[in-house]
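Subject: Structure handover

Hi there,

Here is the structure I promised to pass on. Have a look at it first, and then read on for what turned up when I went through it.

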Amino acid sequence: HQDRITKPMIRDSIEEPWREVSWEEALGYAAGKLNSIKAQYGARALGGITSSRCTNEEVWLVQKLIRSGFGSNNVDTCARVCHSPTGYGLSKTFGTSAGTQDFDSVMDADVVMVIGANPTDGHPVFASRLKRRLRQGAKLIVIDPRRIDLVRSPHIDAAYHLALQPGTNVAVLTAIAHVIVTEGLANEAFVKERCDWDEYQDWARFVSEERHSPEALEPVTRVPAETLREAARLFATGGNGAIYYGLGVTEHSQGSSTVMSIANLAMATGNIGRRGVGVNPLRGQNNVQGSCDMGSFPHELPGYRHISGAEVRSSFEQDWGVSLDPEPGLRIPNMLDAAIDGSFRAIYIQGEDILQSDPNTQHVEAALAQMECVVVHDLFLNETAKFAHAFLPG
């Protein structure tokens with residue numbers, strides 16, 4: 001058990017013990033160190049990391065602190081990696097990169113498709129709600145190489161488990177689309193009313209090609225063609241169809257294509273725009289979506305507006321009363337590389353334990369040890385705080 005830290009602490013070097021101080025002294029110490037590094041090495045020697053576990057307001061303030069206070073765009077977040085294919089894929093298909101439903105919506109779903117996610121292990125609160133809906137009679141299709149708990153556990157029995165070969169997400173979804181289009185199960189009235197009809201016809205022609213049939217793709221996907229056909233029919237005709245997906249979709253080389261395939265499937269069957277349907281990414285942390293929306297990327301201001309846009313910058317510059325750097329900043333790995341090179345000197349880390357969670361721990365340690373000022377803003381003295389000069393309790 002680790003007690004939450006309640007008093008700010010500072011030290012001049014990471015070899016020294018921590019000193020508990022007042023908030024005034026801690027903030028003055030951190031600001032003084034950051035200002036002196038900025039004066040000596042320039043704004044681009046400073047940066048920070050926002051948290052996908054914090055509220056939108058907190059994330060907004062951290063990226064604003066780095067951009068307007070530090071004067072650089074060296075701001076990044078863990079969410080840029082894990083769900084950037086969601087951001088890209090959904091913005092290309094829907095024009096916005098947010099999931100389309102709230103979690104209560106699952107209680108109105110009739111058919112649930114889970115792809116590349118293990119809700120009972122990774123998202124237990126949502127999983128308990130999903131299981132309640134399944135016990136009430138909703139049908140389940142699981143697309144996953146593993147037989148996860150949802151496939152068969154007490155009171156739960158998936159209608160179909162498509163145990164695909166890892167890396168064949170797009171092929172399986174294209175085969176499902178093939179069945180839906182060639183068997184006349186698409187909701188063309190919905191598509192005409194709500195989607196782009198010309199683009200739909202191009203897509204329908206593409207997925208209808210024989211090379212995309214479940215039979216032609218069976219050697220690639222290793223999913224029995226007849227099982228896949230039955231699952232596709234259930235999704236298209238079973239009532240409200242909701243798709244939930246996780247990192248088994250997004251952390252693949254074809255992540256963005258898979259997200260677009262999922263969105264296309266939802267549109268083609270009319271399963272978007274009301275309760276119990278939709279495209280629902282299951283994120284790794286509780287506010288991944290918000291931290292992306294609030295501008296935690298080195299190249300984008302809040303609302304996914306690119307830092308290189310003069311009009312975008314000027315609107316923020318007027319509100320914040322500063323001039324912004326037009327150059328995109330460094331991502332987390334680049335900040336660490338630059339620290340080892342000596343060109344990056346100070347970092348502000350909020351609610352993110354990079355020493356614990358980022359790959360290549362020795363590299364992270366070496367980079368943090370090189371920095372002249374590490375400010376950690378967190379609930380506990382985490383692993384990263386071993387290299388901090390100022391600890392601000394959250």
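Starting with the surface, the protein chain exposes about 17,500 Å², and carbon and sulfur atoms supply 49% of that area. Accessible areas come from the Shrake-Rupley method with a 1.4 Å probe, and for residues only the protein chains shown count as cover.

Before the details, a word on conventions. This is a predicted model, so local features need pLDDT of at least 70 and side-chain atom pairs count only at pLDDT 80 or more, while totals for chains, interfaces and linings use all residues. Residues are numbered from 1 along each chain as its sequence is written, and side-chain values use heavy atoms, with hydrogens and water left out.

**The chain as a whole**

The C-alpha trace spans about 70 × 50 × 35 Å along its principal axes. Of the 394 residues, 51% count as buried (under 20% relative accessible area with a 1.4 Å probe, protein chains only; exposed is over 50%, and partly exposed lies in between). The chain has 18 helices and 16 strands; these are DSSP runs, with helices being H or I of at least four residues and strands being E of at least two, numbered from the N terminus. Among contacts between residues at least 6 apart in sequence, 69% join residues at least 24 apart, where contact means heavy atoms within 4.5 Å.

For the charges, the mean positions of the 36 positive and 48 negative ones are 3 Å apart. Lys and Arg count as positive and Asp and Glu as negative, with His and the chain ends not counted; each charge is placed at NZ of Lys, CZ of Arg, CG of Asp or CD of Glu.

**The seven-stranded sheet**

Seven strands form an open sheet with mixed pairing, in the order E2-E1-E16-E15-E14-E3-E4. Its edge strands are E2 (19-20) and E4 (75-76), each of which pairs on one side only. Two strands pair if DSSP finds at least two bridges between them.

Strand E15 (residues 373-378) is mostly covered, with five of its six residues buried. On one side, five bridges join E15 to the parallel strand E14 (residues 346-350), and Ala346 stands opposite Cys373 of E15. Four bridges join E15 to strand E16 (residues 390-393), again running parallel, and here Asp378 stands opposite Pro393 of E16.

Helix H2 (residues 56-70) lies across strand E3 (46-49), E4 and E14, and runs at about 175 degrees to E3. Axes are lines fitted to C-alpha atoms, for helices over the stretch in contact, and angles run from 0 to 180 degrees between N-to-C directions.

**The five-stranded sheet**

Another open sheet has five strands in the order E9-E6-E5-E10-E11, with parallel pairing. Strands E9 (160-162) and E11 (278-281) stand at the edges with a single partner strand each, so one side of each is left without a neighbour in the sheet. Neighbouring strands here are turned by 15 degrees against each other on average, direction ignored.

Strand E5 (residues 111-115) and strand E10 (residues 241-245) run parallel and are joined by five bridges; Met113 has Ile243 in E10 as its bridge partner. Helix H11 (residues 225-237) packs on this sheet, touching E5, strand E6 (139-143), E9 and E10, and its direction makes about 125 degrees with that of E9.

**A few single residues**

Which residues does Ser213 touch, not counting those up to four places away in sequence? They are Ala175, His178 and Arg229. Ser213 is found in the loop between helix H9 (197-208) and helix H10 (214-221), and it counts as buried because its relative accessibility is 1%.

Two non-glycine residues with positive phi may interest you. His155 has phi near 70 degrees; it is found in the loop between strand E7 (152-153) and strand E8 (156-157), and counts as exposed at 69% relative accessibility. Tyr304 has a phi of about 60 degrees, is found in the loop between strand E12 (300-301) and strand E13 (305-306), and is partly exposed with a relative accessible area of 29%.

Finally, Thr361 is found in helix H18 (residues 361-370) and counts as partly exposed at 38% relative accessibility. Thr361 and Ser296 are 65 residues apart in sequence and 23 Å apart in space, C-alpha to C-alpha.

Best wishes
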